[in-house]
Amino acid sequence: MASTTTSTTTIDIPSSDLLHLIQSHLTECGLHATSSTLRLESGGVIGMPGLFPSTKGTLVHNAQEGRWGEVLQLLESLDLDRVRKSYLEDYNRSIVSNYYNDGGDGGDGEQHDGGSGGAPAAENNNNSSSLLIITPLEKTVAMAHEMTILELAEQNEVELAYATLRMCSELLDRSLIVNSDEIDNEMNENNGDQEQQEQNAANNNTIGMMSSRSGDVERRITALSSMRRTTSSSSSDRAIADHNLLPANYYGPSNPSKQKRRDQIAKLLKRHVPEVPLKRLSSLLQQSIKWQCHTGMFPTVQRLFQQINNDDDDNIEDDNDGNEGGEDNEGKKKKKKRSKKKNVEQKFDLVLGNVDMTMSSGDGKKKRRKDGGIGSASGIGERIPARPHQTIRLGKKSYIESACFLPDGKGLVTGSSDGFIEVWGEPIMPSSSSSSSSNKDGKATNDINPTHKPNDLDSLLSNNTIDYEKLRTSDLPYQRNDDLMMHDSSVLAMTVSHDGALLGTTSSDGTVCVWKIADGKLLRRMERAHGGVGGSFFGYKMQFYYSCDLTMHDISAYIISLQSKTGAAVTCIQFSPDGSKILTGGHDSTCREFGLMASRMLKEFRGHKSYVNCCGYVVLPHSAVAGASGGDVGGGGNNTITPSHHHGGNTFLSVVTASADGSVRVWDGRTAEPVREITPPIPTSANAVIDDKDSIVGSKSIHTVVHLHSPSNTMIVIPRADRAYLMSYSGAVLRVFTRDDVQGTEFLAAAVSTSNQWLFVAADDGKCVVFDVNTGKVEKIIRSFAEECSSGRGEKVCEMSGLVCHPSRGFVGGYSNDKGQKRGILTLWK
């Protein structure tokens, strides 16, 4: 292999530029307090290198409207020294470039002082004249200060105008000259060459030595005050008329009007204020990682081999079965050829988060997959599960009511109808027989490559690393001793904290428990969390007095709940982002937040008219729920409920709930105030139960809401109907997911892959429909999904009650709590 030598260019990046990047990133994220602290700790010299596009637009608009207080605040945040340094560097570079373009000898071939060719002399002259050069931004900032002083004097704030003038006198004298229209000068400088600009700067400095701009502004204010004192002694009508009179050339040598001068300064601000690109720091980090991956400095997953399993597997097996008798050799060759085509080389892209898949043949040649490559038309970056992989089986007459993966994917937790909570996923250790063999002398020899390590990345990502069919007992001794976590009734919902340390579970008797997964200890237990005396009846009583929305059915239901020994069933639960609180929803139509330290209810979110089936925390920008955008599909309704106040910052912690009443509500997570009510356009099913409005299988019941990270600030709402909706938090329907092969089926359960590329939906006909989230099209239909995910082998198909997706691998699991099964099972597909 021929080696090539490439020249390496080294760029020296000053530390101030790094601080500017961090400063811009903090400001863009809304961390203004942290940004101010960084500026103070850096000695106040690190400002913003420019303004963001939206902020720059606000600056220009404020200048046009004459809100100079806001304009000066924005200009104060700029780092003028950095802008000046950059301007002078460009100026000096253009001087040197023009010199060499002219021949490098001044045109007469003579030697100039200071070095050969005169270039050093030119650089020295540039350095000496740099103090005379005023950047266009400095002139514009000085004009904004001057306009502020003049308008203050016009508004009879003479004392404040004089005080501001004393503070800005140095800036005005250094940047502006007397009896000159800077607007016209600015236009001329943009059209002239660099030599003319330098000459103008020298002339400006000479004129400035004769008189000062601050003195000229002071004379204008004095003339205005003298004119108004003269008119004050006249009649009142004459005084009012003369009050709007201004001295000649008050706002400039050409005697422009106030609004014209504002517009002129606004144009200069728009032209000269630097514009900071959005997400500049994150873009640079991504580019650096890409470059390190390209040069081999960054460790990447080079090769992973997986077996392709698609719908054509059955056809391949049929073709192989036909090769018998005299065609055995030819059949073997075909099988061998097919096995080569099944090897897929994958290169994981850490930056983009997808997988680039290329076909690897036996001769070492590579061919990009047409149906799964990143650059293909279909754009498939994540494989769709195609066949059953592993099955978890419970005891007889015990059914799975809830399940979830651990955040690291090394365990799967299930909750059963008899109250047991079990953690599945036993690591598979390599057997000794596969790692060693005996030679002729009977001595064991190691057959494993000495460079291979037991904890190698390939072994960690192998499909057979974890056996989900077995209980996890290697590091959870309480399960080995049959000391399982347990409720007194069915475990209806569960969630795991973000660090994977805590497990939250709920039951049908209204009990909420928090467990420590490492040792199985019960940390918190809250009985009758919903439907108990702890605020539910009081809340409904107050609602009855003030709104009269309650019916006798609601009151009687709560009286029965209060008289019973158990609370209302708790159907959903989630940990807060910091893990200090839990959020639950139940059959009492409420959502509640409990503090783990205090072991009591902190907030109650009340407003739904039926069971709360789904709840969760979401960090949203205020603009996401500010107002419903146009273009709702199907006429979905939504109501905006304005909170009493907004908190500081661009984002807020919200609580999103979904109910069997067919609505999704967004709440302020801090005050428990309703922010928005969203009603998707759910069609009414002909066979839906509509007599009982509180039925969980009602015609408009929403059983799942999935919050997406891509597209941002969106969610997928899945009701018990024949369609699902991609919606914004303002209530706009962005996309509708419907089946094109059959009409009238209902969606029973749903889950979204970790990459937010696939939406898996279990339908009531026993099939699993896979939608592409980006396009809304059906990518695949797994026809025997319900049959493989339940133990009911009769003619009746068991309804699926839940789906789970692996956090890092392409596994999807399904389970059913149908009582007609022999036993509860959960089947993982890959």
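In which order do the 4 strands of the open sheet lie? The order is β26-β27-β28-β29, and the pairing is antiparallel. The model described here is predicted.

**The sheet**

Strands β26 and β29 form the edges, and each of them pairs on one side only. On average, neighbouring strands of this sheet are turned by 20° against each other, with direction ignored. Strands of a sheet pair through backbone hydrogen bonds, in either a parallel or an antiparallel way. β26 and β27 pair in the antiparallel sense, over 6 bridges. Thr704 stands opposite Ile718 in β27.

**The helix pair**

Helices α7 and α13 pack with their axes 10 Å apart, at an angle of about 155°. Angles over 145 degrees count as roughly antiparallel, and α7 and α13 are therefore roughly antiparallel to each other. In this pair, α7 passes α13 in a left-handed crossing.

On the α7 side, the contact is made by Pro136, Leu137, Thr140, Met143, Glu146, Met147, Glu151 and Glu154. On the α13 side, Lys258, Arg261, Arg262, Ile265, Leu268, Leu269 and His272 take part. The residues of this contact divide into 7 nonpolar, 2 polar and 6 charged.

**Elements and their residues**

| Element | Residues |
|---|---|
| Helix α7 | residues 136–154 |
| Helix α13 | residues 258–272 |
| Strand β26 | residues 702–708 |
| Strand β27 | residues 714–719 |
| Strand β29 | residues 733–738 |

Definitions and conventions. Residues are numbered from 1 along each chain as its sequence is written. This is a predicted model: local features need pLDDT of at least 70, side-chain atom pairs count only at pLDDT 80 or more; totals for chains, interfaces and linings use all residues. Side-chain values use heavy atoms; hydrogens and water are left out. Axes are lines fitted to C-alpha atoms, for helices over the stretch in contact, and angles run from 0 to 180 degrees between N-to-C directions. Helices (H or I, at least four residues) and strands (E, at least two) are DSSP runs, numbered from the N terminus. Angles under 35 degrees count as roughly parallel, over 145 as roughly antiparallel, 65 to 115 as roughly perpendicular and the rest as oblique. A crossing is left-handed if the near helix is turned anticlockwise from the far one by less than a right angle, and right-handed if clockwise. Contact means heavy atoms within 4.5 Å. Ala, Val, Leu, Ile, Met, Phe, Trp, Tyr, Cys and Pro count as nonpolar, Asp, Glu, Lys and Arg as charged, and the others, Gly among them, as polar. Two strands pair if DSSP finds at least two bridges between them.
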